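Please keep the sequence and the 3D view open while reading.

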Amino acid sequence: MKNKILTAISTIMLFVPWTILPLRSFDWALESPVAEIMIYSYAAFMIFSGIFSILVYTKGKVKSKLMQICVVINNIYAIGAIAIIAMSIATLNG
């Protein structure tokens, strides 16, 4: 039961980053303070999702095929989020 719940949570985390696309269609989401906060919040969530998936796979010993897919995709998201944060820090200092 624990394995199914952790796998379901990790699977749901796959789709949350895509919710930024409909939010960005609003004018208020494109304005300066809101846009940065939204992007950093989504990036933090994607990094958390990657760490969560790795911990569930390794420490939680949930080794199903779906969990393996979740680990790969969530870590791709996490790496992308780290790159987004690194680029925005570089532009702030540049």
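The report covers the basis of the model, the overall fold, the surface patches, the aromatic contacts and some individual residues.

## Basis of the model

This is a predicted model, in which local features need pLDDT of at least 70 and side-chain atom pairs count only at pLDDT 80 or more, while totals for chains, interfaces and linings use all residues. Residues are numbered from 1 along each chain as its sequence is written, and side-chain values use heavy atoms, with hydrogens and water left out.

## Overall fold

The protein chain has four helices and zero strands. Its pattern along the sequence is α-α-α-α. Helices (H or I, at least four residues) and strands (E, at least two) are DSSP runs, numbered from the N terminus.

The C-alpha trace spans about 45 × 30 × 15 Å along its principal axes. Of the 94 residues in the protein chain, 32% are buried. Buried means under 20% relative accessible area, exposed means over 50%, and partly exposed lies in between (1.4 Å probe, protein chains only).

## Nonpolar patch

Ile-39, Tyr-40, Ile-84, Met-87 and Leu-92 make a nonpolar surface patch of about 480 Å². Patch residues have over 30% relative accessible area and no salt bridge; nonpolar side chains (Val, Leu, Ile, Met, Phe, Trp, Tyr) are joined within 5 Å, like charges within 9 Å. A salt bridge is a side-chain nitrogen of Lys or Arg within 4 Å of a carboxyl oxygen of Asp or Glu. Areas come from the Shrake-Rupley method with a 1.4 Å probe, and for residues only the protein chains shown count as cover.

Which helix gives the most to this patch? Helix α4 does, with three residues. Both α3 and α4 supply at least two residues each. Ile-39 sits in helix α3. Ile-39 counts as partly exposed because its relative accessibility is 31%.

## Positive patch

Lys-2, Lys-59, Lys-61 and Lys-63 form a positive surface patch. Lys and Arg count as positive and Asp and Glu as negative; His and the chain ends are not counted. The place of a charge is taken as NZ of Lys, CZ of Arg, CG of Asp or CD of Glu.

Lys-59 lies in the loop between α3 (32-58) and α4 (65-93). With a relative accessible area of 67%, Lys-59 is exposed. Lys-61 is also found in the loop between α3 and α4. At 59% relative accessibility, Lys-61 counts as exposed. Its backbone deserves a look: phi of Lys-61 is near 55°, a positive value in a residue other than glycine. Most residues other than glycine have a negative phi.

## Aromatic contacts

The structure holds two aromatic pairs. Phe-26 and Trp-28 form a stacked one, at 5.7 Å centre to centre with 15° between the planes. Rings of Phe, Tyr and Trp (its six-membered ring) pair if their centres lie within 6.5 Å; planes under 30 degrees apart count as stacked, over 60 as edge-to-face and the rest as tilted.

## Sequence distance and space

Asp-27 is in the loop between α2 (20-23) and α3. This residue is exposed, at 62% relative accessibility. Asp-27 and Ala-43 are 16 residues apart in sequence and 21 Å apart in space, C-alpha to C-alpha.

Two further pairs involve helix α4. Gln-68 lies in that helix and is partly exposed, at 29% relative accessibility. Gln-68 and Thr-7 are 61 residues apart in sequence, with 9.6 Å between their C-alpha atoms. Ile-82 is also in helix α4. At 48% relative accessibility, Ile-82 counts as partly exposed. Its C-alpha atom is separated by 8.6 Å from that of Ala-44, 38 residues apart along the chain.
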